[in-house]
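Here is a short tour for a first-time reader. Take a look at the sequence and the structure, then read on.

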2 protein chains.
Amino acid sequence: MNFSFNLPVNLLFGFGAIGEIGKKSAMYGKKAMIVTGRGSAKKSGLLAKAELHLEQSGVDSVVFDNVDPNPLTTSIYEGKALAEAEKCDMVIGLGGGSIMDAAKAIAFAAKNEGDLTDYIFARKPLGDALPIILAPTTCGTGSEGNGFAVLTDPLTGDKKSLRSNSIIAKLSIVDPELMKTMPKRVLSSVGFDALCHCMEAYLSSLGQPLSDLIALEGIKLIHESLADLCGGFGGDEEWEKLTLASTFGGMSIGLAGVTAAHGIEHPASGLRNVVHGAGLAALTPTVFERSISHAPVKFAEISRRLGGRDERDCVEGIRSLLDAIDLSIGLKEQGIRESDIDWMAENCFKVSAASLANHPVKFSIDEIKDLYRMSL
Amino acid sequence: MNFSFNLPVNLLFGFGAIGEIGKKSAMYGKKAMIVTGRGSAKKSGLLAKAELHLEQSGVDSVVFDNVDPNPLTTSIYEGKALAEAEKCDMVIGLGGGSIMDAAKAIAFAAKNEGDLTDYIFARKPLGDALPIILAPTTCGTGSEGNGFAVLTDPLTGDKKSLRSNSIIAKLSIVDPELMKTMPKRVLSSVGFDALCHCMEAYLSSLGQPLSDLIALEGIKLIHESLADLCGGFGGDEEWEKLTLASTFGGMSIGLAGVTAAHGIEHPASGLRNVVHGAGLAALTPTVFERSISHAPVKFAEISRRLGGRDERDCVEGIRSLLDAIDLSIGLKEQGIRESDIDWMAENCFKVSAASLANHPVKFSIDEIKDLYRMSL
């Protein structure tokens, strides 16, 4: 057993934690760019509340909200230009996964010139970033718990992570209260994404004792909360569990990476703007069915955290959960066509080579085409 | 559930990891002070090996070895003077807990003028430190996994931690191979110290989900390895488990602090230079007996990791382990006299107020005197 562990995250977790955003941000400068969505954080009053907290702590702020789901590298350059024009000292991400990833990428772009794709594909050495503060409003991505920012290049359709410890947030304010405004459709898909992070990190060949502990606990917490919350039951304790599991998912992939389900999903959401969690819902059961015999002990551990017996009822457990959260869905319903399969399968080996390599089975390109076909 | 999590440790774990010490140290400068003991690292050839690795990576080194068990603040000033005279860029700690704590404290003193006691008792704000690299040769203290350095002031006998994220090692090289040279007497006491770290962090009112996970896993790993290794059985897998558990213990107290057993032991080793793990062996069963009814669920979880059933056989499990590792010992055999009890009980409230406050029971001074008396 040889491993390294270095995940310098800084979490402030709990109901009401968002109230600290002003005081904590003031430690990093006088001017913040707030990256947020065009919708929910404004409607819910969260943005106004954050702006007020910042102002009361002597921090000026400017808002950047031109970020799409599956954020594009081009919108990052736009954010960088604004951060420079406004002389921002820090970047605050207030929103879901796309928003947090955009905030991280803007903070990075502000200190690293040129095409982000060169950094993503490791053609240029990774530099520093502006200080980043994150406050998630969805519990799926776990971006608050790692140094990844998933970006899509609109020219190529490549969806791939920028990965650097320099884009680990200086502070992540993880407040379960902020999750309560999610529509049910969003909740089910982000919650399933969080589950996939935990399961895939645990399956990864890069797994190590600390990522294993965190990932398995995350699976258990999701089993104890997600279906209840999607069904409209569950109270503060369940919101805490799901929110924590999401951060745990982000931390566990920060340590161990993702594996084949994420690797095979990225080309789909890169190409057709599929909702990431829904894409995973279509692909994960199929990918796992073809993988169990290669890592039965690990699948048994996962299954038990999902209320199952051993590796043989692991996929059944996942399918029951998908039914319970109303997310049993194929790729076709999400806009993927049979004719996309060849491009997606080839793209997998371009953008997801590392994730495929971490998986317990090494799938060939033909097997990946099969997996897409069976998930339509 | 409200908590914060920030433990920016950087671990390189595994057999052979020590071979990286030169290459990794070179990232932090050209001149290193190696803090090490007067005995084992020299005899075993480890010091010579580390010096060679450093030299091959272009790092000059100077050795400081005037450190006692339960290191004194005065020896830290001596180390600081040498580090300054030799213009060292970093401090490398190569040894057990006392050595690592001394290395951390020297790195801190090199950047913070005046009396260390002022920083320990929070009368002065904590500053930066020279980069620290640690390589433990005992598996007990867990100092490689946190920002604590326990020091003793020879004028007052106060034994208390300097605590700052600035003295978290930039890199901890945790190589189970280095543990194999420990004499059995040392192994049993450091291993029991590691167990206490995990148990106490789990019992602490500052505990949180991540410290709980790490601490409970540490208890399980020690149960699976310590008695075998002390008995002369057990191979590389057991050494890995015990070594990892020790780092986990350090991490878990870094997050959640220690509780009453450590709090009550420190005055004993501050006063009479008791071996810390042996002092804990005398005190822990008694302290736990008086605590179980205040946190039965937690003691049951601990007990189960030790092979027990529930909270009722927790102390029995600990006593069996102490028998198995030949560490069933009272305080009297360790030089503590009945007449020391009043001073020790009073000193508890001076140096261990925080640890006592984290404990599930708030002991009065008379109860603490009783605990000492029953542990003689």
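Is A:L171 buried or exposed? A:L171 counts as buried, because its relative accessibility is 5% and the cut-off for buried is under 20%. Keep in mind that this is a predicted model.

## Around A:L171

A:L171 sits in strand β9 of chain A, which covers residues 171-174. A:P8 is 163 residues away from A:L171 along the chain. The C-alpha atoms of A:L171 and A:P8 are separated by 10.0 Å.

## Two copies and an axis

Chain A can be laid on chain B by a turn of 180° and a shift of 0.0 Å along the axis. Which residue of chain A has the C-alpha nearest the axis? That residue is A:P8, at 2.2 Å from the axis. The same surface serves both copies, as 100% of the contact residues of chain A recur in chain B.

## A helix pair across the chains

Two packed helices are described by the angle between their axes and the distance between the axes. One pair joins chain A to chain B. Helix α10 of chain A spans residues 236-256. Helix α8 of chain B spans residues 209-223. They pack at an angle of about 60°, with their axes 12 Å apart. That angle makes α10(A) oblique to α8(B).

Which residues meet here? From α10(A) come A:L244, A:F248 and A:M251. From α8(B) come B:P209, B:L210 and B:L213. By class, this contact has 6 nonpolar residues, no polar and no charged ones.

## A helix pair inside chain A

Now turn to a pair within one chain. Helix α7 (residues 184-203) and helix α11 (residues 260-272) both belong to chain A. Their axes come within 9 Å and cross at roughly 130°. That makes α7(A) oblique to α11(A). On the α7(A) side, the residues in contact are A:D193, A:C196, A:H197 and A:E200. They meet A:A260, A:A261 and A:H262 in α11(A). By class, this contact has 3 nonpolar, 2 polar and 2 charged residues.

How far apart are the end C-alpha atoms of α7(A)? They are 28 Å apart. This agrees with expectation, because 20 residues at 1.5 Å a residue should span 28 Å. α7(A) is mostly covered, with 17 of its 20 residues buried.

A:L203 is one residue of helix α7 of chain A. A:L203 counts as buried, because its relative accessibility is 2% and buried means under 20%. Not counting residues up to four places away in sequence, A:L203 touches A:T259, A:F288, A:K298, A:F299, A:I302, A:N358 and A:P360. A:E224 is 21 residues from A:L203 in sequence and 21 Å from it in space, C-alpha to C-alpha.

## Residues in loops

Next come two loop residues. A:K87 has a positive phi of about 50°, although it is not a glycine. A:K87 lies in the loop between α4 (73-85) and β5 (90-95) of chain A. Is A:K87 buried or exposed? A:K87 is exposed, with a relative accessible area of 65%.

In chain B, B:A122 is a residue other than glycine with a positive phi, near 60°. B:A122 is placed in the loop between α6 (116-120) and β6 (132-136) of chain B. B:A122 is exposed, with a relative accessible area of 65%.

A:L52 is in helix α3 of chain A, residues 46-56. A:L52 is partly exposed, with a relative accessible area of 46%. B:Q56 is found in helix α3 of chain B, residues 46-56. B:Q56 is exposed, at 58% relative accessible area.

The table sets out one pair for each of these residues.

| Pair | Apart in sequence | Apart in space, C-alpha to C-alpha |
|---|---|---|
| A:L52 and A:G22 | 30 residues | 8.0 Å |
| B:Q56 and B:A345 | 289 residues | 51 Å |

Terms used:
Residues are numbered from 1 along each chain as its sequence is written. Chains are lettered from A and ligands numbered from 1 in the order in which they are written. This is a predicted model: local features need pLDDT of at least 70, side-chain atom pairs count only at pLDDT 80 or more; totals for chains, interfaces and linings use all residues. Side-chain values use heavy atoms; hydrogens and water are left out. Axes are lines fitted to C-alpha atoms, for helices over the stretch in contact, and angles run from 0 to 180 degrees between N-to-C directions. Helices (H or I, at least four residues) and strands (E, at least two) are DSSP runs, numbered from the N terminus. Angles under 35 degrees count as roughly parallel, over 145 as roughly antiparallel, 65 to 115 as roughly perpendicular and the rest as oblique. Contact means heavy atoms within 4.5 Å. Ala, Val, Leu, Ile, Met, Phe, Trp, Tyr, Cys and Pro count as nonpolar, Asp, Glu, Lys and Arg as charged, and the others, Gly among them, as polar. The expected span of a helix is 1.5 Å times one less than its number of residues. Buried means under 20% relative accessible area, exposed over 50%, partly exposed in between (1.4 Å probe, protein chains only). Copies are superposed by least squares on the C-alpha atoms of residues with pLDDT of at least 70 in both.
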